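Subject: Handing over the structure

Hello,

Here is the structure I promised to pass on to you. Have a look at it first, and then read on for what turned up in it.

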Amino acid sequence: MRTLLLSLSLPLGGALLAQPTLTAANSVAAPGQDFPVSTGTSYVYEGGTGAGQTYGFWMLPASGNRTYSYLAPGVTPTSSMIPSATVLTTDGGSDTLFYGIGSTGLELRGERSALAGGAYAYTDPLVELKLPCDYLDTWTDQMAASYVVSGFPVTRTGTISGVADGWGTLE
């Protein structure tokens, strides 16, 4: 009887301890969601790696509070400049980020910024989060955008790298 109980409990116990898989359904904000956040003067503590971590940024000096709202792109006329976006995020200021789900994950597809004087689409969207994403997954992606600021052409390029090096609770 003990052998039977032990052999039945091992797969069940392993399933209960398994880390989650991040997907668009469980990890990407939808239009209509709001997220209040405390802003910090710096974010230098990344936390530990491994399973069952609790990540917290309460030890950092707070400089204020904001609410990030996720909205349907059609709420702004500039969304026509970034037709591939499915959700945008803004804190009510002059800057807005336009996102969409691509074949490899959550992509930043364009933005509206006061510096650029309007909205522009990325010619090469940036994969901010690989989806699906499991513990120890990694990704690297290039981005590119071109726009004009005060009559001067600007070319913006960059690279992002990510690693899912922990899982647990975010506080």
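A salt bridge here is a side-chain nitrogen of Lys or Arg within 4 Å of a carboxyl oxygen of Asp or Glu. Please keep in mind that this is a predicted model. Searching the whole structure by that rule gives four salt bridges, and I will walk you through some of them.

One of them joins R66 and D91, with 3.3 Å between the closest N and O atoms. This pair connects distant parts of the chain: R66 belongs to strand 3, while D91 is in the loop between strand 4 (87-90) and strand 5 (96-101), 25 residues apart. R66 is partly exposed, at 40% relative accessibility, and D91 is partly exposed too, with a relative accessible area of 30%.

Another salt bridge brings E111 together with R156, where the closest N and O atoms are 2.8 Å apart. Here too distant parts of the chain are linked, as E111 is in strand 6 (residues 105-113) and R156 in strand 9 (residues 152-163), 45 residues apart. Are the two partners buried or exposed? E111 has 11% relative accessibility, so it counts as buried, whereas R156 is partly exposed at 31%.

There is also a salt bridge between R109 and E107, with the closest N and O atoms 2.9 Å apart. Both R109 and E107 are buried.

Now to the aromatic rings. A pair of them is described by the distance of the centres and the angle of the planes. The count in this model is three aromatic pairs. In one of these, the ring centres of F35 and Y70 are 5.6 Å apart and the planes stand at 85°, so the pair is edge-to-face. F35 lies in strand 1 (residues 34-40) and Y70 in strand 3 (residues 62-71), so that the pair links distant parts of the chain, 35 residues apart. With 37% relative accessibility, F35 counts as partly exposed.

What is the arrangement of the rings of Y120 and Y147? Their centres are 4.0 Å apart and their planes are at 25°, so this pair is stacked. It also links distant parts of the chain, with Y120 in strand 7 (residues 118-130) and Y147 in strand 8 (residues 138-149), 27 residues apart. Y120 is buried at 5% relative accessibility, and Y147 is buried at 14%. Together with Y122, these two tyrosines form one aromatic cluster.

Enjoy exploring it!

Best wishes

Terms used. Residues are numbered from 1 along each chain as its sequence is written. This is a predicted model: local features need pLDDT of at least 70, side-chain atom pairs count only at pLDDT 80 or more; totals for chains, interfaces and linings use all residues. Side-chain values use heavy atoms; hydrogens and water are left out. Rings of Phe, Tyr and Trp (its six-membered ring) pair if their centres lie within 6.5 Å; planes under 30 degrees apart count as stacked, over 60 as edge-to-face and the rest as tilted. Helices (H or I, at least four residues) and strands (E, at least two) are DSSP runs, numbered from the N terminus. Buried means under 20% relative accessible area, exposed over 50%, partly exposed in between (1.4 Å probe, protein chains only).
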